[in-house]
Each structure stands twice: as C-alpha cells, then as structure tokens.
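Let's take a friendly look at this chain together. Have the sequence and the structure open as you read.

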Amino acid sequence: MNIMAPLIYCLPRLQRNIDRLPILPDQQRQLFKEDNNVPIHLLDLLRSELLFVDSKDNSSVNVDDDDKGTKIFLSRSSYKRSFRNVQDLKEVGIKLKPDYSIGLRSISFSSRLFTFGQLNLPPLIVDETTKQKLLNLVAYEMCLNKDYVVTSYLRLLDSLIDCEQDVKDLRSAYILKNNLGSDAQVAELFNSIGSILVTYDAYASVKNNIQKHYERKIATWNAQLCQEHLRNPWTTLGVLAALAGLLLTGIQAYYSIHPRKT
C-alpha cells in the first residue's frame with residue numbers, strides 16, 4: 001500500500017487493483033494465465049504504480065512529449081546547465097507546482113511571456129525506506145534496460161536539491177512530504193543517490209527549457225522586481241502609483257511642448 005506517493009493520487013488505482021484480486025485459488029491461476037498486467041517482480045509492481053503503467057509489456061513510456069513527439073528522449077548529460085538548485089529557479093521567477101496526473105512522468109516546464117516559468121513535479125513521500133526503494137528501482141531499470149524514468153526523476157531532484165532550504169521550498173510547494181526527519185537529511189539523501197546514477201537522462205529537454213528561461217535577463221529582472229518591491233499589497237500600490245505619476249508627468253510634459261490647437 002505504501003507506494004511512496006500521497007494516497008489521494010493513488011486511491012482510484014489501488015481500488016481498481018483490489019477489485020481485481022481473486023478469492024479462490026483457481027481464479028488466481030486463471031488470472032495469471034490470462035492477465036498481461038501481472039508484474040514480473042515486486043520492483044516491477046512498484047515501478048508500474050509509480051509510473052502509472054498498466055502493463056508490464058508497456059516498458060516504453062512517454063516522458064518528454066514535445067508538440068508532436070511521443071518518443072522517449074534519452075540522451076547523455078551533454079546539455080548546458082548553469083542553474084544549481086531551487087534557489088536559482090526562484091531568482092528567475094520559476095514557480096513549483098505538484099502534478100501527479102501520470103505518476104513520476106508528471107514532469108513538465110512552461111514559460112509564459114518569457115518572464116514567468118512553472119515547473120510541474122510529481123509529489124513524493126520521503127521516509128526511512130525511501131532510499132532503499134529508490135536504489136532498488138534504479139538497479140532494476142539498469143538490469144532490464146528500462147527507459148530510466150525513475151533514474152532520470154532522481155537526477156532531476158538531485159539537480160534541484162542542494163541544501164535544506166531547497167527541500168523546505170519543495171515541501172512548501174507540496175511536492176515533497178518529509179517523514180524522514182530534518183530537511184537536511186532529505187537533502188543529503190538525494191545528493192548521495194544522485195552521485196551514483198547513470199548518465200542517461202529522460203528529462204534532458206525539460207532541463208534545457210529551464211536553462212533557456214534561466215538565461216533570459218527579463219525573467220531575472222521581473223523576479224527581482226516582484227521579490228524586492230511587490231511582496232506586499234501596500235508596496236505594490238506604491239509602485240503602481242509611482243508608475244501612474246510618471247505616466248501623467250510624461251503626458252503633461254508632452255502637451256506643454258505640443259499644446260493642442262483650439
């Protein structure tokens with residue numbers, strides 16, 4: 001029942017699986033003969049539930065779906081990345097939002113008006129068993145030459161988590177639920193796992209899109225304006241009033257130079 005994710009996202013799938021459980025041994029044998037959804041291993045079952053994969057034969061899962069793309073984007077980590085963690089993303093106005101519509105594959109990035117960014121990440125429960133489960137899932141993907149989706153998810157978290165403040169921000173965004181202890185312990189957990197992962201990355205294009213947004217000066221300026229001057233309503237009203245005053249002064253100066261003809 002503990003599949004490392006908030007139960008609210010998994011109840012429909014759990015209920016469906018419970019309804020499919022046979023009562024009699026004969027029915028169980030028949031189910032194993034006919035059902036292609038039977039997992040080949042406990043790790044296969046755990047991975048399928050985390051990725052919302054309904055069949056063990058469906059080993060290829062769509063991760064980085066571009067406009068028309070349905071093919072997994074697996075590449076070596078040769079892309080350019082200058083952002084280090086969640087704090088760097090906040091400096092350029094990138095918001096974090098939980099999304100568990102397709103399991104651990106619920107990772108996407110969008111940028112609006114070249115200034116506002118949003119990174120969608122699937123929620124994850126972190127407790128004393130998380131490290132062992134994740135390491136076993138990584139080993140399972142390597143042994144069966146899977147699509148490295150879990151591995152790539154961990155690489156992404158490792159690239160976002162550098163210190164306990166990063167974990168705190170992910171908790172505040174309801175992406176991580178910390179049942180382990182301190183945020184520093186969670187940061188150490190993902191950093192230790194990230195140092196031993198393979199170089200394939202199913203979310204390289206997501207990181208590339210984040211990097212493009214990160215390099216935009218207008219995104220940095222906008223984020224600084226919001227953080228330094230628009231943190232509370234009174235400051236926002238003061239800035240708007242100042243802008244309105246500048247606008248009216250400009251209009252007055254224009255008509256003083258170019259008076260209207262009567």
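## The chain as a whole

How many helices and strands does the secondary structure of the chain come to? There are eleven helices and five strands. Keep in mind that this is a predicted model.

Of the chain's 262 residues, 40% count as buried. Among contacts with a separation of 6 or more, 71% are accounted for by residues 24 or more positions apart.

## Helix H5

Helix H5 covers residues 130–143. Its 14 residues reach 20 Å from the first C-alpha to the last, close to the 20 Å expected at 1.5 Å a residue.

Which residues of H5 are buried? They are Thr130, Leu134, Leu137, Val138, Tyr140 and Glu141. These residues cover an arc of only 160° around the axis, so they lie on the same side of H5. What covers them includes H3, strand E4 (124–126), helix H6 (149–160) and helix H8 (183–194).

Just after H5, you will find Asn145 with a positive phi of about 55°.

## Where H3 meets H5

Now turn to helix H3, residues 42–51, which packs against H5 at an angle of about 100°, the axes being 10 Å apart. Angles of 65 to 115 degrees count as roughly perpendicular, and H3 and H5 are therefore roughly perpendicular to each other.

On the H3 side, Leu43, Asp44, Leu46, Arg47 and Leu50 make the contact, while H5 contributes Lys133, Asn136, Leu137, Tyr140 and Glu141. By type, the residues of this contact are five nonpolar, one polar and four charged. Leu137, Tyr140 and Glu141 take part in the contact with H3 and are also among the buried residues of H5.

Definitions and conventions: Residues are numbered from 1 along each chain as its sequence is written. This is a predicted model: local features need pLDDT of at least 70, side-chain atom pairs count only at pLDDT 80 or more; totals for chains, interfaces and linings use all residues. Side-chain values use heavy atoms; hydrogens and water are left out. Axes are lines fitted to C-alpha atoms, for helices over the stretch in contact, and angles run from 0 to 180 degrees between N-to-C directions. Helices (H or I, at least four residues) and strands (E, at least two) are DSSP runs, numbered from the N terminus. Angles under 35 degrees count as roughly parallel, over 145 as roughly antiparallel, 65 to 115 as roughly perpendicular and the rest as oblique. Contact means heavy atoms within 4.5 Å. Ala, Val, Leu, Ile, Met, Phe, Trp, Tyr, Cys and Pro count as nonpolar, Asp, Glu, Lys and Arg as charged, and the others, Gly among them, as polar. The expected span of a helix is 1.5 Å times one less than its number of residues. Buried means under 20% relative accessible area, exposed over 50%, partly exposed in between (1.4 Å probe, protein chains only). The arc is that of the directions from the helix axis to the C-beta atoms.
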